[in-house]
Amino acid sequence: MSELRAHLRLRRGAWQLELEFALDGHTALVGPNGSGKTTVLDLLTGLAAPDQGAVWVAGDCVLDTARRLALPPARRRLGYVFQDAALFGHLSVAQNVGYGPAVGHGAAAQVDELLGQFELTELAARRPLELSAGERQRVAVARALAAEPRWLLLDEPFAALDVAARPLLRARLLATLEVRGVPALLVTHDAEEAFGLGGEVLVLEAGRLVEQGPAERLAASPSSAFGAALAQSNHYRGQVVASPAPGQAVVQVASLRWTVPTPAAVGVPLALVVPPAEVLLATAPPATSARNQVVGVVAAVQCTAAGCRVTVQGAVRITALVTPAALQELGLAVGSPAVALFKVSAVKIC
Amino acid sequence: MSDRLFGCALRLLAGCYAGLVALPLLALLLHATPATLAAALRSPVVWQAVGLSLLTATAATLLVVAGALPLAWLLTRQVTRWRGLLTTLLELPAALPPAVAGLGLLLAFGRYQLLGPWLTRCGLPPVALTPAAVVLAQMLVAGPLFLRAARAALEAVPPRVLQASAVLGAGEATTFRRIVLPLARPGLLGGALVTWARALGELGATLLFAGNLPGWTQTMPSAIFVTWQVDRTAAVSLSVLLLLLSAGALLLARRCAGEVL
């Protein structure tokens with residue numbers, strides 16, 4: 001797998017993007033609307049220029065503003081699948097997929113193979129207007145791969161697809177990338193896509209990378225507000241009301257007061273994340289060292305292969321991830337009284 | 001105003017306007033019989049005018065396309081604060097009275113005017129009162145129509161499609177040839193046909209800058225202008241011919257744009 005390394009800085013009025021990363025395998029780039037995800041892809045491919053920055057693809061420098069080096073998009077050999085597919089309306093499916101080889105990038109011989117891999121052989125003579133949204137995205141992915149890119153950048157490629165079509169195209173894409181040895185940088189809003197890619201996850205908020213790590217770690221223990229929302233973790237906003245000990249603060253969240261690990265001063269607003277895996281459940285307030293708790297009733301129970309997510313509704317809503325055996329032992333069901341507890345060290349400050 | 005009254009008013013005003021446009025055309029067609037049309041077309045003066053008009057309008061259209069297409073592409077691609085002003089200036093001749101455009105051409109290319117002495121020094125013949133002057137006059141008056149149509153057609157090509165071509169490895173020239181031109185072709189062809197029709201009907205600037213010399217600079221509109229005094233049947237026949245040619249060009253332009261005929 002080739003490495004994609006970049007440091008980029010761009011200012012547009014009051015909005016600023018500043019980030020640095022080095023990727024060596026499949027990566028999901030997630031973040032709220034307006035955080036700059038598409039801009040990052042445009043900067044990497046050369047469709048937009050940063051104020052300052054450099055980009056290396058597989059060891060080749062394709063952009064370095066300090067040296068006034070900026071290869072045009074055509075010479076960066078980065079594939080880009082746009083959100084709206086951006087197919088060539090006057091060309092057939094086969095001509096769209098064969099466009100890269102026709103202009104000198106990629107081998108024409110693999111066009112038929114890609115058409116087959118993405119089940120487009122039957123549609124080869126059709127024009128993009130005659131295709132469904134899913135078919136158009138399949139053409140866009142096949143077209144990008146036919147140009148033999150060193151990396152494939154995808155901007156929410158499955159957003160326009162219906163729920164049933166998404167996993168099929170995703171599986172087909174991942175299998176093809178695996179065979180071809182092409183790493184992907186996938187912009188997505190979808191947790192399943194971000195964590196299902198099986199690589200790193202980058203979380204971008206307001207033009208900055210606020211979290212980066214393996215998908216498994218981020219899914220289990222996110223440390224940013226968006227990462228938490230994506231991982232269906234517990235995230236809260238509160239305000240420091242006291243500083244009981246050095247490095248600790250008492251934060252008011254709704255009517256509750258929790259102790260959290262931060263030296264923040266009184267009055268400072270904080271965003272907190274409590275990973276479900278760090279939350280314990282009890283049927284009554286126990287004598288324990290856990291300083292923080294939510295007393296309420298079970299509002300929802302959802303069991304999957306990964307465990308059971310039990311949501312307790314009290315002054316706030318909190319979800320715990322427990323084993324089916326623990327759930328059975330506690331005898332918890334929807335409507336049962338329950339107490340959710342977590343330690344000071346379980347709280348992450350965003 | 002009730003919906004019924006509003007509907008009636010709409011139809012009445014639209015009908016009046018459509019009638020006003022159609023009536024002179026209908027009068028021309030009613031005035032010309034096939035026999036008078038055939039007789040007029042046998043006249044050498046008419047044929048010379050038709051030949052010169054077709055030739056100069058075609059030459060003017062091709063030259064306009066050659067120059068205005070790159071200009072439209074640059075105006076579409078380059079974002080400068082002068083774009084609005086520049087576009088207005090370039091489209092101004094279409095809004096000017098043709099006589100003003102003709103006078104401007106005379107003052108620019110006349111033998112003793114702005115470029116005249118320089119052209120003479122370069123060993124080039126004077127432009128005024130030649131078929132080249134007819135082409136220049138048609139270009140100046142009809143060119144803005146193509147520029148406007150070309151800008152609309154080029155701007156309609158989605159930027160992401162151009163970017164997709166670039167990322168797939170195509171340079172700017174390849175993208176222009178393989179993507180931009182085919183996608184903009186209906187609009188460009190339609191614009192060229194409208195420009196050709198307008199060039200064919202150009203009179204004011206041509207009269208001032210190229211004159212009205214039969215067999216040399218006399219186009220169909222100039223021939224109608226002078227023939228009307230002496231041979232009304234010939235003038236009407238020429239007018240009907242011009243009408244049919246222009247209608248054909250406009251219908252073809254609509255067809256190119258994918259509109260229903």
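Colleague: How far apart do the C-alpha centres of domain 1 and domain 2 of chain A lie?

Modeller: In this predicted model, the C-alpha centres of domain 1 of chain A and domain 2 of chain A lie 37 Å apart. Domain 1 covers residues 4-233 of chain A and domain 2 covers residues 236-349.

Colleague: How many residues does each domain bring to the contact?

Modeller: Domain 1 of chain A gives 10 residues and domain 2 of chain A gives 8 residues.

Colleague: And what area is buried between domain 1 and domain 2 of chain A?

Modeller: About 630 Å² is buried between domain 1 and domain 2 of chain A, and carbon and sulfur atoms give 52% of that area. On the domain 1 side, A:Ser223, A:Gln232 and A:Ser233 lose the most area to domain 2, together 48% of what that side buries.

Colleague: Let us turn to the two chains. How many residues are in contact between chain B and chain A?

Modeller: In chain B, 16 residues are in contact with 23 residues of chain A. The area buried between chain B and chain A is about 1,600 Å², with 69% of it from carbon and sulfur atoms.

Colleague: Which three residues supply more of the area that chain B buries than any other three?

Modeller: They are B:Arg160, B:Val167 and B:Leu168, which supply 45% of the area that chain B buries against chain A.

Colleague: What does B:Arg160 meet in a salt bridge?

Modeller: The side chain of B:Arg160 meets that of A:Asp42 in a salt bridge, at 3.2 Å from N to O. The count between chain B and chain A is 1 salt bridge. The rule also finds 5 residue pairs in polar contact across the interface of chain B and chain A, both residues being at pLDDT 80 or more.

Colleague: Which helix of chain B gives the most to the side that touches chain A?

Modeller: Helix 8 of chain B gives the most, with 7 residues. By class, the side of chain B that touches chain A has 9 nonpolar, 5 polar and 2 charged residues.

Colleague: A change of topic: how many salt bridges does the structure hold over all chains?

Modeller: The structure holds 13 salt bridges over all chains. One of the pairs is A:Arg180 with A:Glu113, at 3.8 Å from N to O.

Colleague: Why does that pair tie together parts that are apart in sequence?

Modeller: A:Arg180 lies in helix 6 (residues 165-180) of chain A and A:Glu113 in helix 4 (residues 110-117), so the pair ties together parts that are 67 residues apart in sequence. A:Arg180 is partly exposed, at 25% relative accessible area, and A:Glu113 is partly exposed at 44%.

Colleague: What does A:Glu119 form a salt bridge with?

Modeller: A:Glu119 pairs with A:Arg172, and their closest N and O atoms are 2.9 Å apart. This pair links distant parts of the chain, 53 residues apart: A:Glu119 is in the loop between helix 4 and helix 5 (133-146) of chain A, whereas A:Arg172 is in helix 6.

Colleague: Which residues of chain B are linked in a network of salt bridges?

Modeller: The network links B:Glu91, B:Arg148, B:Arg151 and B:Glu155.

Conventions: Residues are numbered from 1 along each chain as its sequence is written. Chains are lettered from A and ligands numbered from 1 in the order in which they are written. This is a predicted model: local features need pLDDT of at least 70, side-chain atom pairs count only at pLDDT 80 or more; totals for chains, interfaces and linings use all residues. Side-chain values use heavy atoms; hydrogens and water are left out. Contact means heavy atoms within 4.5 Å. Buried area is the accessible area (1.4 Å probe) that two parts lose on being put together, summed over both. A salt bridge is a side-chain nitrogen of Lys or Arg within 4 Å of a carboxyl oxygen of Asp or Glu. A polar contact is a pair of N or O atoms within 3.5 Å; within protein, one must be able to donate a hydrogen and the other to accept it, and residues adjacent in sequence count only if both atoms are side-chain atoms. Helices (H or I, at least four residues) and strands (E, at least two) are DSSP runs, numbered from the N terminus. Ala, Val, Leu, Ile, Met, Phe, Trp, Tyr, Cys and Pro count as nonpolar, Asp, Glu, Lys and Arg as charged, and the others, Gly among them, as polar. Buried means under 20% relative accessible area, exposed over 50%, partly exposed in between (1.4 Å probe, protein chains only). Domain bounds come from an automatic or database domain assignment.
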